[in-house]
Amino acid sequence: KIIYDDRLKEMNYGNWDGKPAAEIHAKYPQAFDDLGYFTENYSDYCTGETYRQLADRLMDFWHDLVNKHVNESVVLVFHGTASRSLVQNILESTGISKIGEMQNAGVTNISVDDTSKKAFLRYYNRSAPCDFFLEPKS
């Protein structure tokens with residue numbers, strides 16, 4: 001069953017949504033870290049959602065998920081910054097910059113102990129080569 005939940009939406013970048021990153025970087029270089037990601041305080045320069053706001057809505061979702069789906073496997077599908085933020089907060093990492101960017105269609109596996117609700121990262125950002133969908137060459 002597919003269930004849509006607005007708490008898994010991508011980060012709202014406010015008046016920066018839809019603008020090319022190069023244009024924003026040229027005007028607000030201080031809003032980017034050394035890897036080209038937005039800094040933790042990027043929202044000081046735009047009307048976007050803060051990382052804290054993003055983390056709060058994602059963790060609200062996470063707590064609902066682990067409490068309602070005991071002994072079940074669940075697949076989540078969502079965008080890059082939101083996925084990085086969820087992993088960062090589930091694993092209690094010190095900052096989103098510690099979590100690398102997800103590849104398109106990258107897969108992360110997190111297990112949760114049903115009793116303690118402790119999360120375990122089994123793997124992060126795995127992807128399979130697309131050529132396995134192709135017909136074998138004769």
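Analyst: A residue is called buried when its relative accessible area is under 20%, exposed when over 50%, and partly exposed in between (1.4 Å probe, protein chains only). Helices (H or I, at least four residues) and strands (E, at least two) are DSSP runs, numbered from the N terminus. The model is predicted: local features need pLDDT of at least 70, side-chain atom pairs count only at pLDDT 80 or more, and totals for chains, interfaces and linings use all residues. Residues are numbered from 1 along each chain as its sequence is written, and side-chain values use heavy atoms, with hydrogens and water left out.

User: What makes H3 a mostly covered helix?

Analyst: Of the 11 residues of H3, 10 are buried. Among them are Arg 84, Gln 88 and Asn 89, as well as Leu 86, Val 87 and Ile 90. The buried residues of H3 pack against H2, E1 and strand E2 (119-126). Just after H3, Glu 92 has a positive phi of about 55 degrees.

User: Why is Asn 71 called exposed?

Analyst: The relative accessibility of Asn 71 is 66%, and therefore Asn 71 counts as exposed, the cut-off being over 50%. Asn 71 belongs to the loop that runs between helix H2 (51-68) and helix H3 (80-90). Its phi is near 60 degrees, a positive value in a residue other than glycine.

User: Why does Ala 105 count as exposed?

Analyst: Ala 105 reaches 69% relative accessibility, so the exposed label applies. The loop between H3 and strand E1 (107-112) holds Ala 105, and phi is positive here too, near 65 degrees in a residue other than glycine.

User: How do you know that Ala 31 is buried?

Analyst: Its relative accessibility is 0%, so Ala 31 counts as buried under the 20% limit. Ala 31 is in the loop between helix H1 (21-27) and H2. Contact means heavy atoms within 4.5 Å. Leaving aside neighbours within four places in sequence, Ala 31 is in contact with Trp 16, Tyr 37, Phe 38, Thr 39, Tyr 42 and Tyr 45. With Tyr 42, 11 residues apart along the chain, the C-alpha separation is 4.6 Å.

User: What makes the pairing of Glu 49 and Arg 57 a salt bridge?

Analyst: A salt bridge is a side-chain nitrogen of Lys or Arg within 4 Å of a carboxyl oxygen of Asp or Glu. For Glu 49 and Arg 57 the N to O value is 2.8 Å, and the pair therefore qualifies. Both Glu 49 and Arg 57 are buried. The structure holds 6 salt bridges.

User: Which partner does Asp 56 have, and why are the two said to be about one helical turn apart?

Analyst: The partner of Asp 56 is Arg 52, with the closest N and O atoms 3.0 Å apart. They are 4 residues apart in helix H2, which means a separation of about one helical turn. An α-helix has 3.6 residues a turn, so residues three or four places apart point the same way. Asp 56, at 44% relative accessibility, counts as partly exposed, and Arg 52 is partly exposed at 49%.
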